[in-house]
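I opened this notebook to record the surface patch, the pocket and the cavity.

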Amino acid sequence: MEVLIIPALIAFFVILLVASGLKIVRQSETIVIERLGKYNRTLTSGINIIWPIIDRPRKIITRYSQEDASGRTYVYKRSVSRIDLRETVYDFPRQSVITKDNVVTEINAIIYFQIVDPVKALYEISNLPDAIEKLTQTTLRNVVGEMDLDETLTSRDTINSKLRAVLDDATNKWGVKINRVELQDINPPIEIRGAMEKQMRAERDRRGTILEAEGRKTAIILDAEGSRAAEINKAEGDKQAQILSAEGEAAARIKMAQAEAEARIKIAEAEAAAITKVKEAIESIKGGDPVKYLIAVRYIDTLKDITSGQDNKTVYMPYEATGVLGSVGSIKELFKE
């Protein structure tokens, strides 16, 4: 039995050594191997074989947070031999920073980083999570200390860009790549928030008053423009009415003048035709003089008009009455013939 126990123990130790020398590394992870306390190599993902006892993995300190049932977040640190190469998120606790205008503000920052060189992350810094946290806090104080409170509240992108640039440059020698830095909360003191709320209300009231005044001004301007447009339209209407009335009156006068002219022409033509007929009739009579006849007729018509009035008591005969009598005598002679 003793002869069998010894080979069994030897086989067990051999299996244990082989098992301890066989390392399976998962994807996005790595292990740094030291041989007799000196850096030897970095294991890649897959199956790797090391020499037990003389080859040992170097441990790194990692940080993780856990939230309990009451909502409180607790931060824990532990040493692990496997280095995670994926992007890691650190949520740092709130810290008080002083702005350029001496206002104490609480800021909560989140940093996204990734280990790109495991050897530097192990040998260039002793405690990587603490180093990143303290560097982030001091850099945040420096960046915010150069800004006023209002600028801090409205310039988160600027703060994030400055933090990322400074942290990425500082952590480059640690084998760490800073991808993003975000500010979760910026909480000024209660009295400052109250003053800011009052200022915001006053600003809103001022804007409301300005908008109301501008609305009234616009309404007055529109009313004035409407009244002016109405007066202009009325004046234009009166002008057009006067023009149309004048044009109508002128057209009526022209028509009346044309009608009167045509009437006169017709009368003249009728008189000319009558005179022609009288002339022809008188000339057909032997010794007849149409001129004397026409003159005698005109004299008789004129005397008729003179004596037609009711108030005419006295009749004055013109000096040339003898000529009229002579014309009448001529007419008598004509009719005798």
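The entries below follow that order.

I worked from a predicted model, in which local features need pLDDT of at least 70, side-chain atom pairs count only at pLDDT 80 or more, and totals for chains, interfaces and linings use all residues. Residues are numbered from 1 along each chain as its sequence is written, and side-chain values use heavy atoms, with hydrogens and water left out.

**Patch.** I found a nonpolar surface patch of about 500 Å², made by Ile5, Leu9, Phe12, Phe13 and Leu16. Phe13 lies in helix α1, residues 2-21 (a DSSP run of H or I, at least four residues; strands are E, at least two).

**Pocket.** A pocket is an open set of points on a 1 Å grid with protein on both sides within 12 Å along at least five of seven lines, and lining residues have an atom within 4 Å of a point. I noted 18 lining residues, with Thr62, Val80, Arg82, Asp84 and Thr88 nearest the centre. Strand β6 gives the largest share, four residues. The lining has nine nonpolar, two polar and seven charged residues.

**Cavity.** I counted one cavity of 30 Å³ or more, a cavity being points where a 1.4 Å probe fits but cannot get out. Its lining includes Phe92, Ile107 and Leu140. Helix α3 gives the largest share, three residues. I recorded no charged residues there.

Methods: Patch = residues over 30% accessible without salt bridge, like charges linked within 9 Å, V, L, I, M, F, W, Y side chains within 5 Å. Areas by Shrake-Rupley, 256 points an atom, 1.4 Å probe, with all protein chains shown as cover. Salt bridge = Lys/Arg side-chain N within 4 Å of Asp/Glu carboxyl O. Nonpolar A, V, L, I, M, F, W, Y, C, P; charged D, E, K, R; others polar. Points joined across faces, edges and corners; volume = space filled by probe spheres on them.
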